[in-house]
Amino acid sequence: MEATTAPAPGRPPLASTASQALKIVIVGGFGVGKTTLVGSVSEMRPLSTEEVMTQASDGVDDLSGVRDKRTTTAAFDFGRITIDATRVLYLFGAPGQKRFWFLWEQIFTGSLGAVVLVDTARVEDSWYAIDRLEHHHTPFVVAVNRFAPGPSLHDVRNALDLSNDVPLLECDARSRESSRDVLITLVRHLSRYRPPESAPERSS
């Protein structure tokens, strides 16, 4: 009798019909909810590199606006969600602290798109993420993770200087349905996205 290997608890097997693996990156400022979003929407138990914050981060990480935060992502978060019979999203949550930004180039490699999470109390924390995505010509959507009443989406778009081509929506990163809607919005955006045309070379 042949031995069978049962799937690990919390890790549903990948469908045999899956043929398209799409790498998606979740970026944003420190403590904005990236780990929460990956954990809420992943169909498998997410891989997380959350570590308890120690005194070593004093004076290094900006804790303004996130005073109650006790853990931090030291590398990245990883999750998976099946979109349909053939398409699967692999989610990579990037660390938000400046001291880990050097990892972003590697995390961006091979990604087809990104979600930028925004806390309206700290909109400026998202500028670097948007700058890097635009630099790499990586299509992205912006999701406002509402912690409390705040600026309208119109005001957020202006504060981030987003073009009208970039989808902007609200979400609750704790909610599986809300996080799923963010990813669906991104997938739809990817299907319509056309990279900017390269500037014509100057003749000598």
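**Terms behind the picture**

Modeller: From the N terminus on, the elements of the protein chain run β-α-β-β-β-β-α-β-α-β-α-β-α. That gives five helices and eight strands, taken as DSSP runs numbered from the N terminus (helices are H or I, at least four residues; strands are E, at least two). This is a predicted model, where local features need pLDDT of at least 70 and side-chain atom pairs count only at pLDDT 80 or more, while totals for chains, interfaces and linings use all residues. Residues are numbered from 1 along each chain as its sequence is written, and side-chain values use heavy atoms, leaving out hydrogens and water.

Colleague: How do you know what the pLDDT is like over residues 1-9 and 56-61?

Modeller: pLDDT is the predictor's confidence in each residue, from 0 to 100. The protein chain averages 78, and 71% of the residues score at least 70. Over residues 1-9 the pLDDT is below 50, and beyond near neighbours in sequence this stretch has two contacts in the model; a contact means heavy atoms within 4.5 Å. Residues 56-61 are also below 50, with six such contacts. Where pLDDT is low, the predicted coordinates should not be read in detail.

Colleague: What makes the strands a sheet, and what is their order?

Modeller: Two strands pair if DSSP finds at least two bridges between them. Strand β1 (residues 20-28) and strand β5 (residues 87-93) pair in the parallel sense over seven bridges, so they meet that definition. Within this pair, Val25 stands opposite Phe92 in β5. The open sheet has six strands, ordered β4-β5-β1-β6-β7-β8, with mixed pairing.

Colleague: Why are β4 and β8 said to stand at the edges?

Modeller: Each has a single partner strand, so one side of each is left without a neighbour in the sheet. The twist averages 25° from one strand to the next. Those angles run from 0 to 180 degrees between N-to-C directions, with axes fitted to C-alpha atoms (for helices, over the stretch in contact).

Colleague: Which residues of α4 are called buried?

Modeller: In helix α4 (residues 153-160) they are Val156, Arg157 and Leu160. Buried means under 20% relative accessible area, with exposed over 50% and partly exposed in between (1.4 Å probe, protein chains only).

Colleague: How do you know which side of α4 they are on?

Modeller: They cover an arc of only 100° around the axis, which puts them on the same side of α4. The arc is that of the directions from the helix axis to the C-beta atoms. Their cover includes β6 (113-118), α3 (127-135), β7 (140-145) and β8 (168-171). The helix α4 itself lies across β6, β7 and β8, running at about 120° to β8.

Colleague: What makes a group of residues a nonpolar core?

Modeller: They must be buried Ala, Val, Leu, Ile, Met, Phe, Trp, Tyr or Cys residues joined through side-chain atoms within 4.5 Å. The largest such core has 24 residues, and those with the most contacts inside it are Val27, Val116, Phe140, Val142, Leu160 and Leu162. At least two of its residues come from each of β1, α2 (104-108), β6, α3, β7 and α4. A second, separate core of 21 residues includes Leu89, Ala143, Leu169 and Val187.
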